[in-house]
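Subject: Handing over the structure

Hi there,

Here is the structure I promised to pass on to you. Please open it first, and then read on for what turned up in it.

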Amino acid sequence: MQHVEHIGIAVKSLSESNTLFSKLLGVSPYKQEGVESEGVLTSFFQTGQTKIELLEATNPDSPIAKFIEKKGEGIHHIAFEVEDIEAEMARLKSEGFILLNEVPKKGADNKLVCFLHPKSTNSVLVELCQTIK
Ligand SMILES: CC[C@@H](C(=O)O)C(=O)SCCNC(=O)CCNC(=O)[C@H](O)C(C)(C)COP(=O)(O)OP(=O)(O)OC[C@H]1O[C@@H](n2cnc3c(N)ncnc32)[C@H](O)[C@@H]1OP(=O)(O)O
Ligand SMILES: [Co+2]
C-alpha cells in the first residue's frame, strides 16, 4: 500500500459542508462528482498528497444514508492508494481480510476501488484505490 489517498467524510448537506471545509482548509473543492452505483454525491479537496472526500447520500439505501442514521456525520472511511489493486486484493484476502467487492469497481476521481469490511479491520472501513491510467 502507498499513501493515504483520501479520507471519506459522511455529511448531510454537501453544499453546507463544502462551505465549512473551504473555510477550514483554505481551499475550494476542486471537483464535485456523483457516483450512482454508490448512491453518493462527492466533493474533493486537495490537502497535500491526501484528499478530503465529502459524501452526501443521494438515496435512502446509500451506505452514507445508513451510516448517518446510525452514527451521525463524521469520518466514514480511509482510502489507500495502491499500485496494483488486484494484487493487493489477493494479498489482503489471503491475510484473512474480508473484501466487500471481489472485482474492482469504478469509484470517483478516476479510480478503481475495493472496500474491506470493517468487521475485519478493527471497525474501520478501508478503501483501496488505484488510479486509472
Ligand atoms: C464515491 C465512490 C467511492 C470513492 O471513489 O471514494 C466511495 O468512497 S463510496 C463510499 C460509500 N460506499 C461504501 O461505503 C461501500 C462499502 N460499504 C458497504 O458495503 C457497507 O456500507 C457496509 C460497510 C458493508 C455496511 O453495510 P450494512 O451491513 O448494510 O450496514 P449496517 O448499517 O447494517 O452496518 C453493519 C455493521 O458495519 C458497521 N459499519 C457500517 N459502516 C461503517 C463504516 N463506514 N465504518 C465503520 N463501521 C461501519 C455498522 O456500524 C455495523 O456494525 P455493528 O452495529 O457492530 O454490526
Ligand atoms: Co472514498
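Let me start with the lining of the largest pocket: its residues divide into 16 nonpolar, 12 polar and 14 charged. Please keep in mind that this is a predicted model.

In total, 42 residues line that pocket. The space in the largest pocket comes to about 900 Å³.

Several elements contribute to this lining. At least two residues each come from β1 (4-11), β3, β4, α2, β5, β6 (105-106) and β7. With 6 residues, α2 gives the most.

What sits in the largest pocket? You will find ligand 1 there. Around ligand 1 there are 24 residues, and the closest are Glu 38, Glu 53, His 76, His 77 and Ala 108.

- Glu 53 places a polar side-chain atom 2.6 Å from an oxygen atom of ligand 1.
- His 77 also has a polar side-chain atom by an oxygen atom of the ligand, at 3.0 Å.
- His 76 uses its backbone instead, with a polar atom there 2.9 Å from a nitrogen atom of ligand 1.

As for how covered the ligand is, ligand 1 taken alone exposes 1,100 Å², and the protein buries 72% of that.

The shell around ligand 1 is made up of 11 nonpolar, 7 polar and 6 charged residues. Which element supplies the largest share of this shell? That is α2, with 5 residues. The elements that each supply at least two residues of the shell are β3 (40-47), β4 (50-57), α2 (63-71), β5 (74-81) and β7 (111-116).

Terms used: Residues numbered from 1 in each chain as written. Chains lettered and ligands numbered in written order. Predicted model: local features only at pLDDT ≥ 70, side-chain atom pairs only at ≥ 80, totals over all residues. Heavy atoms only, no water. Near = heavy atom within 4 Å. Polar contact = N/O pair within 3.5 Å; in protein donor to acceptor, adjacent residues only side chain to side chain. Areas by Shrake-Rupley, 256 points an atom, 1.4 Å probe, with all protein chains shown as cover. 1 Å grid on protein atoms, 1.4 Å probe; cavity = no way out; pocket = protein on both sides within 12 Å on 5 of 7 lines; lining within 4 Å. Sits in = over half its atoms within 2 Å of the grid points. Helix = DSSP H or I, 4+ residues; strand = E, 2+ residues; numbered from the N terminus. Nonpolar A, V, L, I, M, F, W, Y, C, P; charged D, E, K, R; others polar. Points joined across faces, edges and corners; volume = space filled by probe spheres on them.
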